[in-house]
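Trainee: I would like to learn how to read features in a protein model. Please take me through a few of them.

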Amino acid sequence: MYLSPRVVLVFLSSLLLIQSVSSQTDPKPDPIIDDKARQIVADSIKAIRKIDSAKVEIISKVSVKMGDVEDGYQKLYVLAWKRPNLFAWRFIEGNEGLSVVSDGKNLTWYVPSTDSYAQAPAPASITELTVFPDDENIVRGIPNPEWVYLDFFAGPEGLDAFLKNASIMAYAGDEKINDRDAHRIELTRGDFPYTIWIAADDPQVPLRIQPNWNEFVGRGQEAQTEGMSIENTISFDGWVIDDSVDPDLFAFDIPKSARKADSLTNAISMPPLAPDFVIPLMDGGEFSLSKMRGKNYVILDFWATWCPPCRASMPIMEKIAEKYKDKGLYILSLNQQETASKVTQFLESNGFSPNVALDDGAISQLYEVTGFPTFVLIDKDGMIRDYIPGFDPDIEKRIVKMMSGEEKEPSEENETQTSETKEG
């Protein structure tokens, strides 16, 4: 069984929401702050504030076990700065990332998952940088993604920001991290516990952070989390201090396809960009999703001849395609892993003539399709506006809503298709 990074994050978010609501009624104990731990963190932040320029790779690894199912993912970022006001938090690879770059004139936030961005004037100095100006619960989504630790490196509050809502800060001894001596600090901010390792020698920079998801999500939720294990390690590798930092890191080229939002929150909440693909058509030529952008609304219909709901939906979809073709509607029927002769025989015997392409499974995997039929509604900007597992008798209304420009978020009831309406 495959658990996509998006599924893992949604699952964690639901647990965190339950946990945050239940913890609101818990009494808050008095903070326990170890003097040695406080001094180590204070010295580290002071040392960082003295560094004129720096660069480091940040690797976040997540491993999730749920019973017999095991999966995970890895993300790579580059963090860099050059005082007074050049700053870069660049998402390099992985899933669900975010980039924040100040080139000295503009501060740009770019969200690759929605291909959108927001901008503001660059701060006069890094210590005035507000990395997340909007509601942090919306921006961060969950309490401890990788960028939650940026207040360690930037912002006006320094140690006060790092200690905000700290209930526990304790020195837990010294260890070797990547052949460097490091202080181990156990820290709880709000209700969330994690461990941070800080270099014992100069410069006293963070070397590793390990959020304790298991302790957090397990509190009071033993039934929901039984058999689940979450491991998350964030490593700071290859520190380059006060040396030449590539100036291109601070020159952010916004993709031509990106849409501008009026805030970071809105950039993050924009509908996701449909993954691009090119595939040959059975009647000749090829289909390119990117070439449809700006011209056509597109419906991807994932189907198979052996699927009764797929066969039942086909004449309905053909009528919809004909009815709205003058409004730019294009329906691509992606047959799932069947031979051309079998598909041709089925279409000819039933008098159907859709735009058909033979998908070997690559496109259905790209769109995380788990049953047939599945319909993906994509607007002229190339954004996914609706995702319909199983055939919905009201699909025409949903298509019209998309074409009329009304945003449509899939509801839970649209996803509760039974085995009678979903095959595979």
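The dialogue below goes through a helix pair, a sheet, an aromatic pair and some backbone details.

Mentor: Keep in mind that this is a predicted model.

Trainee: At what angle do helix α9 and helix α12 pack?

Mentor: Helix α9 (residues 308-324) and helix α12 (residues 395-403) pack at about 30°, and their axes are 11 Å apart. Angles under 35 degrees count as roughly parallel, so α9 is roughly parallel to α12. The crossing of α9 and α12 is right-handed.

Trainee: Which residues make the contact?

Mentor: From α9 come Met-317, Ile-320, Lys-323 and Tyr-324. From α12 come Ile-395, Glu-396, Ile-399, Val-400 and Met-403.

Trainee: In which sense do β16 and β19 pair, and over how many bridges?

Mentor: Strand β16 (residues 297-303) and strand β19 (residues 374-378) pair in the antiparallel sense, over five bridges. As one example, Asp-301 has Phe-375 in β19 as its bridge partner.

Trainee: How many aromatic pairs does a search of the whole structure find?

Mentor: The search finds 13. In one of the pairs, the rings of Phe-277 and Phe-287 have centres 5.5 Å apart and planes at 35°, so this pair is tilted. Phe-277 is in the loop between α7 (264-269) and β14 (278-280), while Phe-287 is in strand β15 (residues 286-288), so the pair ties together parts 10 residues apart in sequence.

Trainee: Where is there a cis peptide bond?

Mentor: One joins Asp-202 and Pro-203, with omega about -10°. Pro-203 lies in the loop between β10 (192-199) and β11 (206-211). The peptide bond from Phe-372 to Pro-373 is also cis, with omega near -5°, and Pro-373 is in the loop between α11 (362-366) and β19.

Trainee: What phi does Asp-242 have?

Mentor: Asp-242 is not a glycine, yet its phi is positive, at about 45°. This residue sits in the loop between β12 (228-241) and β13 (259-260).

Terms used: Residues are numbered from 1 along each chain as its sequence is written. This is a predicted model: local features need pLDDT of at least 70, side-chain atom pairs count only at pLDDT 80 or more; totals for chains, interfaces and linings use all residues. Side-chain values use heavy atoms; hydrogens and water are left out. Axes are lines fitted to C-alpha atoms, for helices over the stretch in contact, and angles run from 0 to 180 degrees between N-to-C directions. Helices (H or I, at least four residues) and strands (E, at least two) are DSSP runs, numbered from the N terminus. Angles under 35 degrees count as roughly parallel, over 145 as roughly antiparallel, 65 to 115 as roughly perpendicular and the rest as oblique. A crossing is left-handed if the near helix is turned anticlockwise from the far one by less than a right angle, and right-handed if clockwise. Contact means heavy atoms within 4.5 Å. Two strands pair if DSSP finds at least two bridges between them. Rings of Phe, Tyr and Trp (its six-membered ring) pair if their centres lie within 6.5 Å; planes under 30 degrees apart count as stacked, over 60 as edge-to-face and the rest as tilted.
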